[in-house]
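Hi there,

I'm passing a structure on to you, and I hope you enjoy looking through it. Please have it open while you read my notes below.

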Amino acid sequence: MRFVPWSLVSSWHCSQCGLCCIQYDVVLKFPEWLRIVKNFGVEYTAPSISCFFLRRKANGSCVFLLKTPRDSYCSLQDLKPQACKMWPFKILDKPKYGKAKHAAYDSWKQRLYIYLDQACTGIRYGIPTKDFSHSVLPEFVELALGVRRKQHRSTSMLHPPILGGNL
Ligand code: SF4
Ligand code: SF4
């Protein structure tokens, strides 16, 4: 994985390419696992020695990914695990991926260091736009600090055409 500090990013918008829902395992916190089991069934999760993951389909994609010929949709929406909500942002209290000056972000609460995973196809590079730094970024910070649950700018605006995961 390669990371870019937020201040070298002009904007971010989910283009619904679906790449992140195909290439990565999603680790579940225990309450997230419980919510998914209660709403969908244990078969939508997969255990490992130390934690639970979202189950993957035979083709490797997340069990909750819905694909149309044009777009990809998450059928979990409001029940999405935190790891999915935060992607492709890493919001940390230390500059773990370097370039501290460019990654520093002073939230109302504390100094943070913010990076984006460059695998995401929704990143545009350059000087941060006002919309990115004043609207998109603060929403990710609120999600990371636990003062927000609902996504607005931190996800695709589009909802899936059909609700429900496909095994
Ligand atoms: S978050 Fe990025 S990688 Fe994931 S679907 Fe959206 S554009 Fe693609
Ligand atoms: S829960 Fe949704 S966002 Fe997370 S990997 Fe599955 S389809 Fe993608």
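Let's start with Gln 77, which counts as partly exposed, with 13 C-beta neighbours inside 10 Å. The cut-offs are these: a residue is buried if 20 or more other C-beta atoms lie within 10 Å of its own, exposed if 12 or fewer, and partly exposed in between, with C-beta atoms placed from the backbone. Gln 77 has a positive phi of about 45° although it is not a glycine, and its place is in the loop between strand 7 (72-74) and helix 3. Helices (H or I, at least four residues) and strands (E, at least two) are DSSP runs, numbered from the N terminus.

Before going on, please note that this is a predicted model, in which local features need pLDDT of at least 70 and side-chain atom pairs count only at pLDDT 80 or more, while totals for chains, interfaces and linings use all residues. Residues are numbered from 1 along each chain as its sequence is written, and chains are lettered from A and ligands numbered from 1 in the order in which they are written.

Gln 16 also has a positive phi, near 60°. This residue sits in the loop between strand 2 and helix 1 (20-23). Is Gln 16 buried or exposed? It is buried, with 20 other C-beta atoms within 10 Å. Most residues other than glycine have a negative phi, and most peptide bonds are trans. The bond from Trp 87 to Pro 88, however, is cis, with omega near 0°, and Pro 88 belongs to the loop between helix 3 and strand 8.

Next, have a look at helix 5. Phe 132, Val 136 and Phe 140 are among the buried residues of helix 5. After the helix comes Gly 146, with a positive phi near 80°.

Finally, strand 10 has several partners (two strands pair if DSSP finds at least two bridges between them). Strand 1 (residues 3-5) runs antiparallel to strand 10, joined by 3 bridges, and Phe 3 stands opposite Asp 117. Strand 8 pairs with strand 10 in the antiparallel sense over 4 bridges, where Lys 90 has Tyr 115 as its bridge partner. Strand 9 and strand 10 form a hairpin with 4 residues between them.

Happy exploring!
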